[in-house]
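Have the viewer open while you read, and take the points in order.

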Amino acid sequence: MISHVFKLIEKANENIEFTVKVSMVEIYIDSSKTNLSVHEDSSKGVYIDDATEEYVSSPEDVHELMRLGASLRAKASTDMNSESSRSHSIILEIKQRDVKTESVKKGKMYLVDLMLLEKD
């Protein structure tokens with residue numbers, strides 16, 4: 001999916017400039033941790049407080065950030081798997097600007113790996 005996005009960017013008209021940012025956040029249901037602080041703003045759209053955003057220019061950049069994020073994820077033991085991790089979401093934000101008309105379009109892609117909820 002990520003490689004496809006960058007292939008489309010490569011094929012775009014030469015008058016179109018792109019910026020791509022990536023965030024990776026951990027999502028969990030745990031009373032000992034604070035939930036994510038999600039907000040909506042007319043200029044930023046939906047965003048998460050304190051989420052680090054990194055500019056990327058290739059699928060390899062995204063994959064490297066995913067590896068880093070995966071290594072930093074909190075892990076919690078479950079009955080199913082002692083190395084189970086919490087859910088995480090990768091947010092890919094794409095902005096395109098037409099250099100001739102100055103028109104701007106923005107979009108976000110959310111890739112979410114949901115955890116399995118266990119019942120006692």
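1. **Ground rules.** This is a predicted model, in which local features need pLDDT of at least 70 and side-chain atom pairs count only at pLDDT 80 or more, while totals for chains, interfaces and linings use all residues. Residues are numbered from 1 along each chain as its sequence is written, and side-chain values use heavy atoms, with hydrogens and water left out.

2. **The overall layout.** The protein chain has two helices and six strands, and along the sequence they come in the pattern α-β-β-β-β-α-β-β. Helices here are DSSP runs of H or I with at least four residues, strands are runs of E with at least two, and both are numbered from the N terminus. Of the 120 residues in the protein chain, 28% are buried. Buried means under 20% relative accessible area, exposed means over 50%, and partly exposed is in between (1.4 Å probe, protein chains only).

3. The whole structure holds five salt bridges, each being a side-chain nitrogen of Lys or Arg within 4 Å of a carboxyl oxygen of Asp or Glu. One to look up is E93 with K21, where the closest N and O atoms are 3.8 Å apart. E93 sits in strand β5 and K21 in strand β1 (residues 16-27), so this pair ties together parts that are 72 residues apart in sequence. Both ends are tucked away: E93 is buried at a relative accessible area of 17%, and K21 is buried at 17% too.

4. **A salt bridge inside a helix.** R67 and E64 also meet through their side chains, at 3.1 Å from N to O. They are three residues apart in helix α2 (residues 59-72), which puts about one helical turn between them. As background, an α-helix has 3.6 residues a turn, so residues three or four places apart point the same way. R67 counts as exposed, with 52% relative accessibility, whereas E64 is partly exposed at 46%.

5. **The stretch around E102.** E102 is in the loop between β5 and β6 (104-113), and its salt bridge with R97 has the closest N and O atoms 2.9 Å apart. R97 is partly exposed, with a relative accessible area of 25%. In general, most residues other than glycine have a negative phi.

6. S103 is found in the loop between β5 and β6 and is partly exposed at 36%. S103 and I16 are 87 residues apart in sequence, yet their C-alpha atoms are 9.6 Å apart in space. K105 belongs to strand β6 and is exposed, with a relative accessible area of 55%.

7. **Two surface patches.** Patches are made of residues with over 30% relative accessible area and no salt bridge, joining like charges within 9 Å and nonpolar side chains (Val, Leu, Ile, Met, Phe, Trp, Tyr) within 5 Å. I27, L36, V38, V46, Y110 and V112 make a nonpolar one of about 480 Å². Among them, V46 is in strand β3 (residues 45-48) and is partly exposed at 38%. The positive patch is formed by K44, K95, K106 and K108. K95 lies in strand β5 (residues 87-98) and is partly exposed, at 34%. Accessible areas come from the Shrake-Rupley method with a 1.4 Å probe, and for residues only the protein chains shown count as cover.

How values were computed: Lys, Arg positive; Asp, Glu negative; His and termini not counted. Charge placed at Lys NZ, Arg CZ, Asp CG, Glu CD.
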